[in-house]
Amino acid sequence: DITANAALHDSQSAIALASPNRIADISANIDGSIDGDCLNYNLSSEIGALDMRRLALSADSLSVAADIKSNGIIDLPNGFYDCIATISGLSVNIGNEKLSAKQIDMKFVADSTSTQFKASEGDMVLSLTANERLLDITPRFSLLAAELDSQLVSRRANIDAISQCLPEFNLYGRLAKNNCISRYLRYSDITFDSIDFNIGKDSLMHADADAYDFRMGATTLDTISIRGYQEDNSFVYMAKVNNRPGNLDQFSSSFVTGTLADNNANMLLYQTNSNGVPGFYFGADASIDGDDVRMTLFPENPIIGFRKWTLNPDNYIKYNLGSSHIDANVNLESDAGYLAMYTKHVNDTLHEDLIVTAKGINLGEWLNMAPWLPEVNGMLNTDININNSNGMLTGFGTFSLADILYNRKTLGNVEVGFGLGINPQSGKNEAQAVVAINGHNAITVAGSINDTTATSPYDLRLSLDKFPLTVANPFLPESML
């Protein structure tokens with residue numbers, strides 16, 4: 001139920017709204033006066049409860065409660081605004097998580113030459129300034145949306161066209177430990193000492209951000225710096241992570257840089273340990289032409305996992321977005337092993353097999369580039385054959401991990417042999433696999449799913465034979481052990 005009362009006398013007006021419902025408990029009082037083109041207003045609203053899921057406004061559990069007060073002057077014809085607002089007692093429940101703020105203060109000012117917005121809560125500050133009046137800024141949103149949509153359709157980035165859609169502006173923000181954002185991120189075990197960012201455009205676009213003592217679970221990154229800037233019709237980006245001695249010494253310094261322009265994007269990673277020894281030095285260059293996405297790797301002598309490798313100079317991986325066809329010619333070799341991906345013709349036909357083969361790949365070395373991942377060690381060997389022709393995807397192969405360590409717990413050896421067949425037209429997927437653990441066939445899977453021609457679309461059989469729980473235990477939460 002909603003009730004409304006309104007009163008109007010001369011240039012004075014007052015409106016009272018009330019919705020005393022359990023899923024939408026809202027009340028609001030608005031009074032104001034009109035003086036020529038100017039509206040002076042006062043707003044007071046109390047949202048006791050607003051259940052977005054029960055109101056069919058959200059598919060997930062989401063409820064909001066807050067008190068809102070605002071007052072100001074609005075002159076629509078002349079584009080003049082001078083308004084302040086306070087949101088107090090904000091409580092947003094998202095499933096089992098909660099975003100809360102004791103008080104958020106906001107101010108919005110706009111005149112014939114500029115538009116400004118400021119907001120603060122706890123130690124968080126947000127400031128936006130644009131050197132245009134609001135009436136000229138609002139049409140830019142539709143222009144920007146149309147430009148982005150056009151570039152997505154053409155699959156080409158026109159950085160200068162995006163820049164032309166934006167006004168000259170500057171967006172600054174700073175947040176530390178005591179604000180609604182940092183409190184909410186703690187549910188995901190993410191904390192930080194402070195984050196500063198600045199995004200803007202003068203004649204060209206630019207962006208930068210810095211984070212200090214950024215923590216994700218047990219992983220701490222001491223300093224994170226991100227920079228980006230427009231250069232002619234391209235956008236250059238770079239990111240750097242630095243850690244103090246004693247913290248992630250194998251990941252002491254990491255630097256990523258690259259550009260985005262037209263139908264091309266590239267990146268280069270350079271990472272060193274605390275002694276300055278390079279652990280990773282490699283890059284990729286990707287371009288798109290119609291439905292074809294083509295990527296090449298560089299340099300010819302990359303460093304991966306503190307090991308020197310050799311890469312064939314004519315390497316490439318090409319993927320067709322329409323047919324999902326893959327062409328490849330990549331051969332990566334070191335003194336300890338190799339990794340290859342290539343296509344070959346099948347019996348003088350037009351069909352090709354995609355071959356992926358590897359030997360002596362030390363996972364622990366490769367995963368050093370991502371210190372937030374669980375500690376995993378083991379020697380990877382694989383031999384996989386995949387064929388995609390006549391609308392059918394078939395494949396078979398083996399891959400094995402020897403001497404596996406997961407979070408410093410020994411798991412032994414695992415070998416998997418598999419075969420699969422996927423028919424995108426009928427939706428039928430067939431698969432069979434055997435998993436051997438320390439030489440014993442412990443898991444067998446066989447059957448099909450999504451078979452619309454069968455009595456039951458699902459016919460998948462799983463059998464376990466002396467499956468060692470010591471292999472599964474390291475992956476289970478402590479509460480289940």
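This is a predicted model: local features need pLDDT of at least 70, side-chain atom pairs count only at pLDDT 80 or more; totals for chains, interfaces and linings use all residues.

User: What makes Arg-183 and Glu-121 a salt bridge?

Analyst: A salt bridge needs a side-chain nitrogen of Lys or Arg within 4 Å of a carboxyl oxygen of Asp or Glu. For Arg-183 and Glu-121 the N to O distance is 3.1 Å, so the pair meets that rule. By this rule the count comes to 13 salt bridges.

User: Which parts of the chain do Arg-183 and Glu-121 link?

Analyst: Arg-183 sits in helix α3 (residues 180-185) and Glu-121 in strand β8 (residues 115-121), 62 residues apart. Helices (H or I, at least four residues) and strands (E, at least two) are DSSP runs, numbered from the N terminus.

User: Why is Glu-121 called buried, and what is Arg-183 called?

Analyst: Buried means under 20% relative accessible area, exposed over 50%, and partly exposed in between (1.4 Å probe, protein chains only). Glu-121 is at 4%, so the label is buried. Arg-183 has 23%, and is therefore partly exposed.

User: How do you know that Arg-140 and Glu-132 form a salt bridge?

Analyst: Their side chains meet at 2.7 Å, N to O. Glu-132, at 17% relative accessibility, counts as buried.

User: Why are Phe-192 and Phe-214 called stacked?

Analyst: Rings of Phe, Tyr and Trp (its six-membered ring) pair if their centres lie within 6.5 Å; planes under 30 degrees apart count as stacked, over 60 as edge-to-face and the rest as tilted. The centres of Phe-192 and Phe-214 are 6.4 Å apart and their planes lie at 5 degrees, so the pair is stacked. Phe-192 lies in the loop between β11 (190-191) and β12 (194-201) and Phe-214 in strand β13 (residues 205-216), so the pair ties together parts 22 residues apart in sequence. Both Phe-192 and Phe-214 are buried.

User: What makes β9 and β10 a strand pair?

Analyst: Two strands pair if DSSP finds at least two bridges between them. Strand β9 (residues 124-130) and strand β10 (residues 169-175) run antiparallel and are joined by six bridges, so they qualify as a pair. Val-125, for example, has Arg-174 in β10 as bridge partner. β10 also pairs with β12, in the antiparallel sense, over seven bridges.

Definitions and conventions. Residues are numbered from 1 along each chain as its sequence is written. Side-chain values use heavy atoms; hydrogens and water are left out.
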